[in-house]
Amino acid sequence: MSTDVCIAGGGPAGMMLGLLLARAGIEVVVLEKHQDFFRDFRGDTIHPSTLDVLQQLGLRQRLEDIPHTSVSSLDAVIRGVRTTPVSFRSLRHGANELVLMPQWDLLDLLSSAARQLPTFRLRMEAEATGLLHAGGRVSGVEATTAEGEVRIEAKLVVAADGRSSTLRQASGLGVTEYGVPIDVLWFRLPRPAVTPPDTIIYLTDQNVMITIPRTEYYQTAMLIPKGSRDALEQQGMESFHAAIVETVPFLEPSVAALADWADVKLLTVQINRLQRWHQPGFLAIGDAAHAMSPAFGVGINYAIQDAVATANLLVGPMRSGSVTEADLARVQRRREPPVRKMQAIQRTLHNVVARPGSGAQLPSPRTLRRMFPLVSPVLRLISARLIGRGFRPERVDDQVLVTRS
């Protein structure tokens, strides 16, 4: 098999890039190692800047037709004091809400739109296992499929296969790891009959929990000290229930539904970044280039922004016949600065606030009640831009936007 571009990974970065390149008339093959997109406990927040990209592509209404939850503001409860630190209503242009939707629904939408294009091919149950080389450059990938081993020759290979990227490892590009003191336990809890306003985070003296509202349940997360999962299991499920209720009291009627540790998934939190995202014939984007923390739920957004920037910068060179390493370096120069800034904020957040036992570093409830009315209006303006748009949000260029066969 041969193609212009071979993308490893059918996540948000890979599917969005495949769709954009195919719209621009570039032949593209996307390899997804699973037989479908259904995998729970993945990022499921679709930020305003991503909604703006979907609007440009004519997919926003199709997204709205999928069952989901939309919020324009998010509360936080810190030491029992409720505040609203995030409000997207202040965003003046484009989308001003956050969509909460299982990631597989977004990927189904993108793949459905891409499959309608003649230059797009999606191979499910196809896992990229290595790189091909010729003439001093990457020339394609080796992959395993349901039918056996295949070799795919490509003018450009894009690694979008996640934070455990096989192709990133095969490339030999150096990775800088930034220590993160936490891991995350993900689990579902049914929605109780009585619920408070949508609240994204609860912080107490001992615990930090995330509650993402879905139609019939809460996608729930508890931050734990890194490597402490086994110790929590040894303490027993009743102890875990007690910690949940102590942190988020309104979930007390629901905790009994969590009866087995098999229903509690561990996310090993990483923050890392490739020192160089490219080599001749090869580019890494999304988590393969820079693993993000779950903080602010921006991982999907930054992956999709990477894909948009990649398409904008490479469609021209692809049409002219070749992509040089200088072209690939332009992608890194554009996307690395916003990634660096967000990762720095995430690292500070985890080291100072959003980690178990952080209560001692937080003001007292009395101080919080006095402080929030003063700082919340400014905080909402900053957070709307920081979380909703991110640093350097991307728009699809006209050369990509106009569909070509």
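This is a predicted model: local features need pLDDT of at least 70, side-chain atom pairs count only at pLDDT 80 or more; totals for chains, interfaces and linings use all residues.

User: Fine. At what angle do α1 and α4 pack?

Analyst: The angle is about 20°, and the axes are 9 Å apart. α1 covers residues 12-23 and α4 covers residues 103-115. Helices here are DSSP runs (H or I, at least four residues), as are strands (E, at least two), numbered from the N terminus. Axes are lines fitted to C-alpha atoms, for helices over the stretch in contact, and angles run from 0 to 180 degrees between N-to-C directions.

User: What does that make α1 relative to α4?

Analyst: Roughly parallel. The classes are under 35 degrees for roughly parallel, over 145 for roughly antiparallel, 65 to 115 for roughly perpendicular, and oblique for the rest.

User: Is the α1 and α4 crossing left-handed or right-handed?

Analyst: Left-handed. That term applies if the near helix is turned anticlockwise from the far one by less than a right angle; right-handed applies if clockwise.

User: Which residues meet there?

Analyst: From α1, P12, M15, M16 and L19. From α4, Q103, L107, L110, S111, A113 and A114. Contact means heavy atoms within 4.5 Å. The residues of this α1 contact with α4 divide into eight nonpolar, two polar and no charged. Nonpolar takes in Ala, Val, Leu, Ile, Met, Phe, Trp, Tyr, Cys and Pro; charged is Asp, Glu, Lys and Arg; the others, Gly among them, are polar.

User: Next pair. How do α8 and α9 cross?

Analyst: At roughly 160°, with the axes coming within 9 Å. α9 is residues 325-352. The two helices, α8 and α9, are therefore roughly antiparallel to each other. Their crossing is right-handed. On the α8 side the contact uses Y302, Q305, D306, A309, T310, L313, L314 and P317. On the α9 side are D327, L328, R330, V331, R334, R335, P338, V339 and M342.

User: How many charged residues in the α8 and α9 contact?

Analyst: Five charged, next to ten nonpolar and two polar.

User: And where does α2 meet α8?

Analyst: S49, T50 and V53 in α2 meet N301, I304, Q305 and V308 in α8. That contact divides into three nonpolar, four polar and no charged residues. The axes of α2 (residues 48-56) and α8 (residues 299-320) come within 9 Å and cross at roughly 40°. That makes α2 oblique to α8. The crossing of α2 and α8 is left-handed.

User: Switching topic. Is N272 buried or exposed?

Analyst: N272 is buried, at 0% relative accessible area. Buried means under 20% relative accessible area, exposed means over 50%, and partly exposed is in between (1.4 Å probe, protein chains only). N272 sits in strand β18, residues 271-274.

User: What does its side chain join to?

Analyst: The side chains of N272 and E177 are joined by a polar contact of 3.3 Å. A polar contact is a pair of N or O atoms within 3.5 Å; within protein, one must be able to donate a hydrogen and the other to accept it, and residues adjacent in sequence count only if both atoms are side-chain atoms. Beyond four places in sequence, N272 also touches other residues, including R168, Y178, A291 and Q343.

User: Where is A291, then?

Analyst: In the loop between β20 (282-284) and α8. A291 is buried too, with a relative accessible area of 0%. Its contacts, leaving aside neighbours within four places, are R163, Q270, I271, N272 and Q343.

User: What covers the buried residues of α7?

Analyst: The cover includes β13 (182-190), β14 (199-203), β15 (208-213) and β16 (217-225). The buried residues of α7 (residues 237-247) are M237, F240, H241, A243, I244, V245 and T247.

User: Last one. What is phi of E125?

Analyst: Near 55°, a positive value in a residue other than glycine. E125 lies in the loop between β8 (120-124) and β9 (126-134). E125 is partly exposed, at 38% relative accessible area.

User: And where does R392 lie?

Analyst: In the loop between α10 (365-389) and α11 (398-401). Phi of R392 is also near 55°. R392 is partly exposed, with a relative accessible area of 37%.

Key: Residues are numbered from 1 along each chain as its sequence is written. Side-chain values use heavy atoms; hydrogens and water are left out.
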